[in-house]
Amino acid sequence: APGAAADVDAAAQPAVQVGMITSATGPLAAYGAAYTAGFEAGLDYATDGTGAVDGRELEITWKDDQGNPDTAVSQAKDLIGQGYKILAGTVASGIALSLAEQAAQNDILYISGPAAADAITGINQNTFRSGRQTYEDVATAGTFIGDPSGKKIVVFAQDNAFGQGNLAGVQAVLGAKGATVDGVLVAEDATEFTPFAQQLLDADPDLIFVAWAGASTGAMWTALQQQGVFDDVPVVTGLGDVSTYGAYGEASDKISFLSHYFAAATDNDESAAMISYLEANDSEADLFSPDGFVAAQMIVQAVREGGGDDVGTMIESLEGYTFDSVKGSITIRAEDHAVLQPMFQAALSQGADGTWTPSLVETVDAKTVAPVIAAK
Amino acid sequence: MSDQPPLHSVQQLLSAQPVPSAQPVLSAQPVLSAQPVPGAQPVLSIEHVTLQIGGARILNDVSLAIPKGEMLGVIGPNGAGKTTLFNVISGVLFATAGVVRLNGRTITREPIHARARAGLGRTFQTSSLFAGLTATENVRLAAQTKAGGATALGKFPRARDAATRLAEQRLAEVGLGAHRRSIAGGLSHGDKRKLEIAMLMAMDPEVILLDEPMAGVGSGDVPGLMEVIRQLHHGGRTVLMVEHHMEVVLGLVDRVAVMHHGELLACDTPDAVMGNPTVQSAYLGGAA
Amino acid sequence: MSTLVLLLVTGLGLGALYFLVASGLSLIYGLMGVLNFAHGSFLTVGAFIGWEVSRRLSDGSWWALVAAMLVGALVGALAAAATEFFLIRRLYNRHIEQVLVTVGLALATVALFEGIWGTDPTYVTSPAWLAQTTEILGARIPNNRFLLIALAVLVLVTIVGFLRFTRYGLIIRAGVENRTMVTALGIDVRRAFTVVFAIGGAAAGLGGVLASIYYGYVSAHIGSSLLIFAFIVTVIGGLGSLGGAAIASVLVAVLQQFANFYLGGTGDLAVVLALAAVLLVRPRGLLGAKGSTA
Amino acid sequence: MRGQGLSGQRRLIIKIAAGGALVALLALLPLLNISIPGVFPGPTYTPGTLQLLAYAMLIAALALSYHLLFGLAGMLSFGHALFFAAGAYGLGIVLRRFSPDWLSPGATFLVAVVITVVLGFVLAAVVGSLSLRVTGISFAMVTLAFAQAGSVVVRRNPEGLTGGEEGLSLDVTNVPSFFVGVLNTRNLYWLALGVLVVVYLVVLWVERSRAGHVVAATRENDLRVRVIGIRPYGVRLLVFSIAGALAALAGAAFLLLQSGVSPRVATPDFTLTLLVIVVLGGVGLRWGAVLGAVVYTLLDQRLTALAGSDLIAGLPDVLRIPLSQPLFLLGTLFILVVLFLPGGLAGLAKLGEHRTPRGPRRARTIAAEGTTR
Amino acid sequence: MTDPIRTESPRTESIRTEPARTEPILRVRNLYGRIAGQQVVEDVSFDVPGTGVTALLGRNGVGKTSTIRSILGLIERTGEVTFAGSRVDRLPTHRIVQRGVGYVPEDREVFAKLTVTENLRLAERDAHPNRALVEALFPDLVQRRAQLAGTLSGGQQQMVSLARALLNTNRLLLVDEPTKGLSPKIVGEVTEALLAAAATVPILLVEQNLQVIRRLADRVVVLSGGRVVFTGDAADLLDDPELIQRYLGVHSGADPADTTTDAAVPA
Ligand SMILES: Nc1ncnc2c1ncn2[C@@H]1O[C@H](COP(=O)(O)OP(=O)(O)OP(=O)(O)O)[C@@H](O)[C@H]1O
Ligand SMILES: Nc1ncnc2c1ncn2[C@@H]1O[C@H](COP(=O)(O)OP(=O)(O)OP(=O)(O)O)[C@@H](O)[C@H]1O
Ligand SMILES: [Mg+2]
Ligand SMILES: [Mg+2]
């Protein structure tokens, strides 16, 4: 029987094959597009436009997972079977977890994309991430309210992994600091939020933390606004991608936003390089552009140090790696591969043409929001 | 129930034919439960059966006892309730009141299939077949039920097994030998009727209900089909037959039951019934 | 108390939306025996085109909304009529194939909408009054719910009147049963069926515009997410019964609201269990045609 | 289905031989180096291709189990995905929770598989016993409701059992090592082939048995079945439960192949996909279901590749937008098949053969008319 | 039963010799019909004269119903069908019917979920449908006006079916086995109703009941195996036991001329 992996002759220095699996179609295609564009910008930046590391070409193969874990696994197996040692990507946590499993089973390097699940951190030796995780979101919000001790916080979220993760995160981060944390979790498929807005008011909290994703976001904000939630309680939530800026409705300027990233959040070489690269390619900097950018930087580092074939060395080269990126200085924690990174507080304001734009309120230090070390 | 037939017509019938050869049964009296008929126990008995759908009383206190081996014709104007009576006997409809007994066992509340198992077979006014299956398959399904284990996972029908052979034999007997492999839905009207009878023969039921077996059958085929029905009747099987073709009724049956407006008007020998003026006017009309 | 009122009235509003989808579905099923999986797409296309129109006119004004509703209904009707004409008609009397064709159409059109309008929701602006609330018994009811309810009632009355009082209604009801025989009575039944589809499509298209107001956005999946509830409503109400669909819409939506709120977000589960329960107790649904006994 | 004549005896032997040869060829595939560019991602021995084929075979097994319901018994179920999901999630959960010391890992694994299949059977029996009390479209809707409920439960992640949105990954502790890792895709391929063969044989068996004949008859005329003395409910339930158990078996293998399972397989949409597959292949034909599954899986894969290709990106909008959506192409293809190829792909193949025009397809149409009158 | 305008010749071709008097209302030439790819009507040619009853006869399954359905375009057909002087073989069914054809189908085909009244209303094509005639003919239907047609007895359904055709003023009636499943009394009444109708409109009748044929038919067309095997005067066929035996398969033990009552039992 023929062997599966092709043994490489070192003399020829063949290209390093990198498999990128993310959504080009399907429900998360827009996130996938931002990630993809960010990656290309990052690769261009990290290789000085050569696409090669130390003379070794990086051959990037893009696969569309369609938001479907089964497709992603099939593609991963195909690539791994062809001898790929580096995989990266995906915006959906479910897919990222499946790919992490494949990485461990087959001992390759995997760098997950914008998927936010905390579970990815420390899941196994072979898996890294290039974006933020829920914990960091929550911890950022925690910095908005001063001393949380004795305050009552209600988490308003969808009853799915993302929402439950956020509730758990708030309980862990702010509950640990003495806040009482309750959750109002709404069935994911619910379409009517008015009664829940009422329920929020009835709970009489000091802060409402909203963790919401998906199309129903607009309706949810409208309901909160209509029931007068903003008049009584400060509300915090994560700022989504550019297309959602209109979704917060009239109350946009009353919400405190925590942000993973938006174009105006930082001003450094990397962000300048990314934004100009994206603009040159008919694209714009968005929420998940840095995730792609960072992934590219990490891959370049791994190949530089580990040569693209030696998975063990590549992993070692990333553990504890600190580098400058779009969001500022980033450290990959050796213990659990958490990505320690600055986060932002933002506000939306309405321009003359009626569109909403975010502006930076404050940059939150990476150390302040660093997740507790996950048990491996 | 505005225009019920006057009761005296029944009395007339009674007096016209005092002691018929077979067991005469008249609707007005409770027949079996009250006074069991000595000798032959009726194989099928219907006691005070009433069926009400919405406000309409479609069967009204119908009582009838059929001795084993009899061929009984059921006639009556359109809408008299003949088909409904068959439906109540076979379990397609449940009587709102009254009792249906088969061999002394009460089956009033039993589902269709249980009655079929107990030995009741029927055809429908418009042919009802497994339209997409072949003629042989249609009959074989019926034959299997008789033999038991009809729905067994462990038994496989084969070209040479007993059920198939029996099915083909039955098909030959009704003259469908050449159509064994034909899809039932594509058979001509008359052949469909014959196929239904072949299925009945394969089931070998004790009591058979035929609902207008001759409807739509060409005059040329009538004698043949009559012969098939006669065969069906052989071997002590009891047959009830709704039929409008009087020559068929008169040529086959031992007794005739007349229904009108959901009631049993009379049940008597063919001659007596035909001679009855009410039957003449309500059913036969002024002889076309 | 105010929560109760809120749940009830918003339930009614959601029910109105369900009814707008279910009415067409029920009509088409009841009259033609076609379980139309593409009905959600009629809704979506009505919503998108309606939104495109309103955006070009003057977003957020009343007359733009009216224009959007008219255009939405028209587009829904055209889409439905075209579906009937090019797909369903060729398969007449083959009900399962008809269902399958609509399944294919639903798959294809949702993908197409994603291709054209993208996967992100498109947010819509409606007249300011609709975004405000009116207080009833201490509950602040969003005004757009009243619009939904009023239009749903209007649609119900119109369709019932159409079926009851026009010859078309008669033709349609007969054609469901035996299309051939209707033709043999000298009636062009195909046209009647196209009309039915168009009416159902119009209700869906109108529903699409209203749904976009209710949700605040339009997306390629807006129709399919409503469709499943519309199916449930149609079946609970009794296939083909408009009145049943109306009652079931309200019941389902209110049940959903209450279960979501009081029973830990189990609205969906409650609804499907209700469906199973209703069908097991009354296989023909609440107001299903009693029909013949056998 | 149709009675085998005398000459049928020889045809049967030829058929068995051909089937055996095909299975043997498929079994040898991982040892061969065959490339079909445009169809497979690589030569047949590569994990990518084997994975794709194994995936297709499991979907084929699932489609075959659905054929029992829809093709044979005429039961239009919208909830069949539930049992596939039950198999995948069931095995995943059992493997996590059931790990007794007194059993070796290998034995534990086998026991887990058996438990899963039995679970599938029991679940199907319960769901079936309720849904089969109604027929026709109502049946479709009740099964849809159960599937929807199943899907909601899976996503709710009760007691952390199903992993919710993110799915459940395979716990490999008790899984034999030859089923783990990309290098062992070959073994998973053989497993999938084995499952397909087993499912095929069971389906064949049911179809050929008296129970199969009766259930086909209930599809044609339910009242008539009662009148010949058989209660359709019992035999329908039996077939429904067997189909459920087979789906669960395919689901269990699917878990191993994918090293995990996501809620997608529990959605009613997944059943609709199945319906599409069975119809694409040809209703009423066993190998139609298999063919449909293989073609669908390959198409799905290749159309995605096509949609992302530069060829498409260069086209003007009117062409580019539809062509870049794989589902649009699949949906359209499906519509065309329903409209113009009433026998499905298998029907296309049959056109060459000399056969009466009244196949099972015709029977279907009659049955459909009968139920919706 | 004498009919003043009756063609003398039994052969179709001879009709052309008397064009002025008996311009046929329906001309069928080389008609072929197919059901599910199977030829069920083969090269059928005959005429229906402008008056009286033409009976289409033949044993079960010879294609009588299929012939009528091909004329109406209800099954796939080829050939030439001329109705009242113009070709109709390419028209859709409803257009043919609108030209003045009444159709009574073989299996009644009433609309089971519609009431009796609705069934009749649906059939009304004329501005002034002949309701009185129908009510006089079938008083039973008047009583059951509001009943769903599906719950009617077989015979009652047949009445609805007939009534639907008699409501309009037609130029031709196509009547397929109108007495199937009817009680003898109703058979008599239906026969008389058709006879009355035949005074004003020509009828193409398919019928199995010899008595009814005797009473109604002026001319007969006999089919066998999907083809026309006999065309001619009704009397020519009905008075000849041998022809009856040959074409309809009826063994005439008794004198066929004597079967005016229903009591005749075939041997
Ligand atoms: N659901 C119902 N509602 C009202 N009346 C009904 C219903 N079902 C049947 N009927 C009536 O019951 C009567 C009996 O019908 P049935 O079919 O038994 O008559 P039949 O004697 O078989 O007549 P035929 O000889 O014409 O077949 C008819 O008058 C019919 O209209
Ligand atoms: N749906 C069908 N599918 C296939 N073959 C059919 C179908 N309907 C009729 N046939 C065939 O067409 C032929 C002619 O049938 P048709 O009904 O026209 O005969 P008929 O002369 O009216 O018979 P009958 O006196 O029984 O009504 C028959 O051999 C029949 O088997
Ligand atoms: Mg009857
Ligand atoms: Mg006929």
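Mentor: Keep in mind that this is a predicted model. Start with two chains. In chain D, 40 residues are in contact with 39 residues of chain C.

Trainee: What makes a residue count as being in contact here?

Mentor: Its heavy atoms must come within 4.5 Å of heavy atoms of the partner. That rule gives the 40 residues of chain D and the 39 of chain C.

Trainee: How much area is buried between chain D and chain C?

Mentor: About 3,600 Å², and carbon and sulfur atoms give 80% of it. The size of an interface is often given as the accessible area lost when the parts come together.

Trainee: How many salt bridges and polar contacts go with that area?

Mentor: There are 0 salt bridges between chain D and chain C. The rule also finds 0 residue pairs in polar contact across that interface, with both residues at pLDDT 80 or more.

Trainee: Which elements of chain D build the side that touches chain C?

Mentor: Those giving two or more residues are α5 (136-156), α10 (268-281), α13 (317-323), α14 (326-340) and α16 (360-372) of chain D. The most comes from α5(D), with 12 residues. By class, this side of chain D holds 28 nonpolar, 7 polar and 5 charged residues.

Trainee: Now chains B and D. What sets this pair apart among the 8 pairs of chains that touch?

Mentor: Chains B and D have the most contacts. Here 36 residues of chain B meet 31 residues of chain D. The two chains bury about 3,100 Å² between them, with 67% of it on carbon and sulfur atoms. On the chain B side, B:H113, B:F130 and B:L153 lose the most area to chain D, together 20% of what that side buries.

Trainee: Why is the pair D:R224 and B:E196 called a salt bridge?

Mentor: The closest N and O atoms of D:R224 and B:E196 are 3.9 Å apart. The cut-off is 4 Å between a side-chain nitrogen of Lys or Arg and a carboxyl oxygen of Asp or Glu, so the label applies. The count between chain B and chain D is 1 salt bridge. There are also 7 residue pairs in polar contact between these chains, both residues at pLDDT 80 or more.

Trainee: Which element gives the largest share of the side of chain B that touches chain D?

Mentor: That is α4(B), with 6 residues. This side of chain B has 21 nonpolar, 9 polar and 6 charged residues.

Trainee: How do you know that chain A and chain B do not touch?

Mentor: Their nearest C-alpha atoms are 36 Å apart. Contact needs heavy atoms within 4.5 Å. Chain A and chain E have no contact either, and their closest C-alpha atoms lie 38 Å apart.

Trainee: On to chain E. What coordinates the magnesium ion (ligand 4)?

Mentor: E:T65 through OG1, and E:E106 through two OE entries, at 1.9 to 2.6 Å. E:T65 lies in helix α1 (residues 64-71), E:E106 in the loop between β6 (101-104) and α3 (116-123), 41 residues apart.

Trainee: What makes these atoms donors?

Mentor: The cut-off for N, O and S atoms is 2.8 Å from the metal. The distances run from 1.9 to 2.6 Å.

Trainee: Why are E:T65 and E:E106 called buried?

Mentor: Buried means under 20% relative accessible area. E:T65 has 18%, so it qualifies. E:E106 has 15%, so E:E106 does too.

Trainee: Is E:T115 buried or exposed?

Mentor: Buried, because its relative accessibility is 16%. E:T115 sits in the loop between β6 and α3 of chain E. Beyond its neighbours within four places in sequence, E:T115 is in contact with E:R145, E:A146, E:Q147, E:L148 and E:A149.

Terms used: Residues numbered from 1 in each chain as written. Chains lettered and ligands numbered in written order. Predicted model: local features only at pLDDT ≥ 70, side-chain atom pairs only at ≥ 80, totals over all residues. Heavy atoms only, no water. Donors = N, O, S within 2.8 Å, 3.2 Å for Na, K, Ca; no water. Helix = DSSP H or I, 4+ residues; strand = E, 2+ residues; numbered from the N terminus. Buried < 20%, exposed > 50% of the residue type's maximum accessible area, 1.4 Å probe, protein only. Buried area = accessible area lost by both parts, 1.4 Å probe. Polar contact = N/O pair within 3.5 Å; in protein donor to acceptor, adjacent residues only side chain to side chain. Nonpolar A, V, L, I, M, F, W, Y, C, P; charged D, E, K, R; others polar.
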